[in-house]
Structures are given as C-alpha cells and as structure tokens.
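Hello,

Here is the structure I promised to pass on.

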Amino acid sequence: MSAKQLSELIGQLLGEKPSVPYLPKEFRQRIETLLQRFQSRDRLQSFYMHYSLRMTEATYQRLHQPAPGPDEQILEQFLARLQPYPEASQEFAQGSVDPASSLRRAETVHRHLQGRGRVLALGDDDATGLALSLLGDYQIQVIDIDERIIAWLAAMGLPGEVHDLRELPDSYSGAYDAVITDPPRDLELAGEFLQAALRCLAPGGLLFWADHPDWNQAALTLLERAQRQGLELLEEHSNWHCYVPHVISDATAHHFRIPPGWFHELVKYARLWSHLYVLRDTRAGGISRRRASHDE
Ligand SMILES: C[S@@+](CC[C@H](N)C(=O)[O-])C[C@H]1O[C@@H](n2cnc3c(N)ncnc32)[C@H](O)[C@@H]1O
C-alpha cells in the first residue's frame, strides 16, 4: 500500500500529477469526482469501476487511520503458528484476509465471548479459528468444503471437518455460541452461508459476518434478511479485514476507455476491505440463559 502510488494513479485519471500524496480529504474528493464521471448503463461495468474506486478510497483512508489492534505479541504467536496458506481456489470463492485481519476478527469474537464458548467457523481459509484459539479456552470447530483447508488447519492443531455447509449433519443444529464466517460475495451462495449460520447458532448466539456493500451488491439485502429472520445487528466495524485484490477484467478498462495497465498497477497498491458485522440471535432464549446452563 502506498499513498504516493495511489495518488499518482488517481491523479492520472484526472490529468493531475501530484508531486506529494493527496491529503485524505483531497483523495476522497477525487474519488467522488471519478464516481460521477464513470457512470454507465452497463450496470456490471459500473459496479466493477465503482467497487475499484471505493476500495481504493478505503485503502487510502486506512493508510492514514489504521484499523485498531491487533495485539502485537499475540500477532507474533499467530504468525509463528501459521503455515503457508493453500493456494486460493476460485471454485470455492476463496480469498484470505491478512493475518492481522484474522486476529482482529478473532479479538472481536473474544471480546464478546470473554474467554470461552463453542465456536463454529463456517469456512476458514483465514485461519480465524487458529487466531481465536490463542485468545481463550474455546471449543472451536471448523467446517470447510475444501479438504486442503481442513488439512492445513489440522497441521496447525485445529479441529475441523470437510462438509458442504448446505448439507451439515443434525449434530450442528443449535450447537454453537458463536458462528464466524466470511461468505462469498453473491446473494445465492452467501444466502446459504446465512442459512447454515442460523441453523447452527444456539439461542442467543452471536454471528460474526464479514461483508461490504461496495464489494458485494447483495450485502445489504443479506443483512436485512438476517434481521428479518431474527438476528439483531449489534455492531458494525468498518473496513476491518484486508484482502489482496485480483486484476479487474480488461473489459472494464475498455468500457471506460482507461488503459488496461491502470488496473494492473492499481492492484499492486490498493486492497479490498470487508466490514465485520456482529449480530445476535434473538429467536428464542438469550445468551444469559445459555451462560447459566454452562455454569451449572
Ligand atoms: C467463501 S470463502 C471467503 C471468500 C472471501 N470473502 C471472498 O469473497 O474473497 C471462505 C471459506 O468458505 C469455504 N467454502 C466455500 N463454499 C463452501 C461451502 N459450500 N461449504 C463449506 N465451506 C465453503 C471456502 O473454502 C473458504 O475456505
């Protein structure tokens, strides 16, 4: 990530050659100008262009105001345990966050659960389960459709099972105080992740859901659906997780008459971001009732 390179790239689209990086406010104004300029009837191309610009803006703001945490010492422990990530599979919509983001997510879970509880990671190419295991006495279970992810986690000492979350055994129903997931960025498959989470949560349980409305056009629909089905939105942590982007198809550059090389440069310096939404299951019972039953 580099303020200078990002300023030069954004300046290039506006015919400017900034000799020093823009101030965050100046950068935001230029992104707004470009969002206005790159409008099209082709909704898909508009989406790709706007998503690239908005994620670039999020990157720039995070350069100037980094996300809080995570704890440096625990991050070192996490990095010491973390083995190289399996190559991301497009078939399973994989795209890992960086280790600091995994730990930041785990720290948010830990703040809510206060050291113990049964936690399910629905898909875990981020190793959030491993990060959480460093923070407290949690019973962590991971399921993933990709056997390479389960083998990778097992090699780091984390329990898991290979399952498609659309076909989970009954033993998962209502069994978890918290479910953590970073779902794919589309309505249909992410909807399946939501259904699985709803099924696995114990009464009063917490869902930790990573998504971003500028990245996933269905993000707000999914959040509304979650709330209609009895989840209450407790917290939203903006731009909490950082991912390395892929190059946008040259078709978007051609559509907006931008040199295709511009996007190739952009992915070297910009990042993708997702928010972390924390939701509580209000369908029946409450967390205090479950805690009481743990204490018995
Ligand atoms: C969906 S991916 C993360 C995607 C990331 N947020 C993105 O859009 O780039 C998270 C994990 O879910 C797993 N996964 C994908 N589809 C699944 C399914 N049907 N059942 C279980 N796990 C699945 C992947 O293997 C991966 O480890």
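First, some ground rules. This is a predicted model, in which local features need pLDDT of at least 70 and side-chain atom pairs count only at pLDDT 80 or more, while totals for chains, interfaces and linings use all residues. Residues are numbered from 1 along each chain as its sequence is written, and side-chain values use heavy atoms, with hydrogens and water left out. Helices (H or I, at least four residues) and strands (E, at least two) are DSSP runs, numbered from the N terminus.

Let me start with a helix pair. Helix α2 (residues 24-37) and helix α3 (residues 43-64) have axes that come within 10 Å and cross at roughly 175 degrees. Axes here are lines fitted to C-alpha atoms, for helices over the stretch in contact, and angles run from 0 to 180 degrees between N-to-C directions. α2 is therefore roughly antiparallel to α3 (angles under 35 degrees count as roughly parallel, over 145 as roughly antiparallel, 65 to 115 as roughly perpendicular and the rest as oblique). On the α2 side, the contact (heavy atoms within 4.5 Å) is made by Pro24, Phe27, Arg28, Ile31, Leu34 and Leu35. The α3 side brings in residues including His50, Leu53, Tyr60 and His64. By type, the residues of this contact divide into seven nonpolar, four polar and three charged.

Buried means under 20% relative accessible area, exposed over 50%, and partly exposed in between (1.4 Å probe, protein chains only). In helix α11 (residues 260-269), the buried residues include Trp262, Phe263, Leu266, Val267 and Tyr269. They cover an arc of only 165 degrees around the axis, so they sit on the same side of α11; the arc is that of the directions from the helix axis to the C-beta atoms. Their cover includes α1 (3-13), α3 and α10 (250-255).

Helix α9 (residues 219-228) buries Ala219, Leu222, Leu223 and Ala226. Their arc is only 100 degrees, which puts them on the same side of α9. Among the elements covering them are α8 (187-200), β5 (201-211), β6 (231-243) and β7 (272-281). After α9 comes Gly230, with a positive phi near 110 degrees.

Now for single residues. Ser102 is found in helix α5 (residues 99-113) and is buried, at a relative accessible area of 0%. Leaving out residues up to four places away in sequence, Ser102 touches Phe78, Val97, Asp126, Thr128 and Ala131.

Gly69 and Pro70 are joined by a cis peptide bond, with omega about -5 degrees, and Pro70 is in the loop between α3 and α4 (72-81). Gln114 is not a glycine, yet has a positive phi of about 60 degrees; Gln114 is exposed, at 66% relative accessibility. Arg257, in the loop between α10 and α11, has a positive phi near 55 degrees and is exposed at 77%.

Finally, how many disulfides are there? With a disulfide taken as a pair of cysteine sulfur atoms within 2.5 Å, the count is zero. Cys200 is buried at 0% relative accessibility, and Cys242 is buried at 5%.

Best wishes

Key:
Nonpolar A, V, L, I, M, F, W, Y, C, P; charged D, E, K, R; others polar.
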